[in-house]
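Visitor: I'd like to learn how to read charged side-chain contacts in a model. Could you walk me through some?

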Amino acid sequence: MLRRLGHEANDALDEFLELALGYERKAPASLQGFVAWLRAADTEVKRDMEISRDEVRVMTVHGAKGLEASVVFLVDTTTSPSDTQRLRLIHLPQGNAAPNAPGVVVWAGKKAEDPPAVADARKAMLGDTEDEYRRLLYVAMTRAADRLIVG
């Protein structure tokens with residue numbers, strides 16, 4: 001299996017086997033029970049990135065949090081988050097509802113035809129998107145120990 005998946009799968013397979021053995025010690029052996037237990041456990045497998053390997057790692061910013069590399073390439077940094085189609089689904093707050101109450105999601109058409117509530121919500125979502133972009137850019141830029149190459 002490792003020949004097909006590569007050595008990167010070793011950590012995940014080891015963790016899966018440990019979970020299977022742990023389940024076997026706690027409950028009667030049942031595939032359905034094991035799968036339900038796995039889903040409820042919300043397990044996340046993280047590779048030990050501190051081990052120095054002669055390889056290139058392609059990672060998302062979220063996956064790179066807390067890690068450091070001697071050389072980091074940031075690609076596609078010239079695209080603004082506002083250029084995406086994410087602002088088609090607009091989250092509208094419910095009028096007199098409690099502050100944390102779920103709002104309503106609407107499909108927005110042309111920006112010029114937005115009613116005032118949709119225009120305000122679109123503007124707020126754009127601000128939130130740009131703030132998150134800057135936070136992720138900061139995280140990405142601070143992963144480099146020696147060299148940061150921005151493209």
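Guide: Gladly! Let's begin with burial: a residue is buried under 20% relative accessible area, exposed over 50%, and partly exposed in between, using a 1.4 Å probe and protein chains only. Glu132, with a relative accessibility of 31%, is therefore partly exposed. Please keep in mind that this is a predicted model, where local features need pLDDT of at least 70 and side-chain atom pairs count only at pLDDT 80 or more, while totals for chains, interfaces and linings use all residues. Residues are numbered from 1 along each chain as its sequence is written, and side-chain values use heavy atoms, with hydrogens and water left out.

Visitor: How many salt bridges does a search of the whole structure find?

Guide: A salt bridge means a side-chain nitrogen of Lys or Arg within 4 Å of a carboxyl oxygen of Asp or Glu. By that rule, the whole structure holds 3 salt bridges. In one of them, Glu132 pairs with Arg135 at 3.0 Å, N to O. Arg135 is partly exposed at 48%.

Visitor: How far apart are Arg135 and Glu132 in helix 5?

Guide: Helices are DSSP runs of H or I with at least four residues, and strands are runs of E with at least two, numbered from the N terminus. Arg135 and Glu132 sit 3 residues apart in helix 5, about one helical turn. Asp131 and Arg134 have that 3-residue spacing too, within helix 5 (residues 116-141). Their salt bridge has its closest N and O atoms 3.8 Å apart, and Asp131 is partly exposed at 38%.

Visitor: Are Asp114 and Arg122 buried or exposed?

Guide: Both Asp114 and Arg122 are buried. They form a salt bridge whose closest N and O atoms are 2.7 Å apart.
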